[in-house]
Amino acid sequence: MSSAPSPEQPSDDLVLDQIGPALSRLRRRAPASGKDLSRNLVLNVVADAPGEMTVGVLATEMGVAQPVASRTVAACVADGLLRRAASQADGRRTVLELTAHGEAERTRFAAEQRAAFQEITATWSPEERIQFARLLTRYGADAAEWSRNRSTSRD
């Protein structure tokens, strides 16, 4: 049970109710253009895939319709960030692979995000920064596992 909230400290339930809007604000305020955000999302999904990545799987991971994923992939291929290749498991299937330029873009974007994080949290203690970074990273990993389990249970 949560303790009574003080004027400065909202109740635990109120804080938990703000998780969704807070995550949405994080996404909207990332220090990049919309094009960079979409490309970075695609590059990270492809790089983090435990196996081969197809446009269909990418669409599912991104939570978008396949035509949206296809257009974003086409732009990434045209920009030299991704390449299409034959699947090693099934040569009839096309998979997506990062190029060296794509990996460099992921690194560049991660550096921009780290710099923004450091500016945003400049008034935090070093311990708070590290604790938040660890918890957010853990949340991301757990959310990915949760999502995989949900998609597996629906199949």
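Trainee: Which residues do ring pairs link into a cluster?
Mentor: F117, W124 and F132. Rings of Phe, Tyr and Trp (its six-membered ring) pair if their centres lie within 6.5 Å; planes under 30 degrees apart count as stacked, over 60 as edge-to-face, and the rest as tilted. Keep in mind that this is a predicted model, where local features need pLDDT of at least 70 and side-chain atom pairs pLDDT 80 or more, while totals for chains, interfaces and linings use all residues. Residues are numbered from 1 along each chain as its sequence is written, and side-chain values use heavy atoms, leaving out hydrogens and water.

Trainee: How many aromatic pairs are there in the whole structure?
Mentor: A search turns up three. Take F117 and W124: their planes sit at 80° with ring centres 6.5 Å apart, so that pair is edge-to-face.

Trainee: And what about F117 and F132?
Mentor: That pair is stacked, with 10° between the planes and 6.2 Å centre to centre. F117 lies in helix α6 (residues 100–120) and F132 in helix α7, so the pair ties together parts that are 15 residues apart in sequence. Helices here are DSSP runs (H or I, at least four residues), numbered from the N terminus.

Trainee: Why does F132 count as partly exposed?
Mentor: Because its relative accessibility is 33%. Buried means under 20% relative accessible area, exposed over 50%, and partly exposed in between (1.4 Å probe, protein chains only). W124 is partly exposed too, at 31%.

Trainee: New topic: which residues form the nonpolar patch on the surface?
Mentor: L16, I19, L23, L26, W124, F132, L136 and Y139, with about 700 Å² of accessible area together. Patch residues have over 30% relative accessible area and no salt bridge (a Lys or Arg side-chain nitrogen within 4 Å of an Asp or Glu carboxyl oxygen); nonpolar side chains (Val, Leu, Ile, Met, Phe, Trp, Tyr) are joined within 5 Å, like charges within 9 Å. The areas come from the Shrake-Rupley method with a 1.4 Å probe, and for residues only the protein chains shown count as cover.

Trainee: Now α5: which of its residues are buried?
Mentor: A69, T72, V73 and C76. Seen down the axis, they fall within an arc of 100° (taken from the directions from the axis to the C-beta atoms), so they line one face of α5.

Trainee: What's exposed on the other side of α5?
Mentor: R71 and A78.

How values were computed. Helix = DSSP H or I, 4+ residues; strand = E, 2+ residues; numbered from the N terminus.
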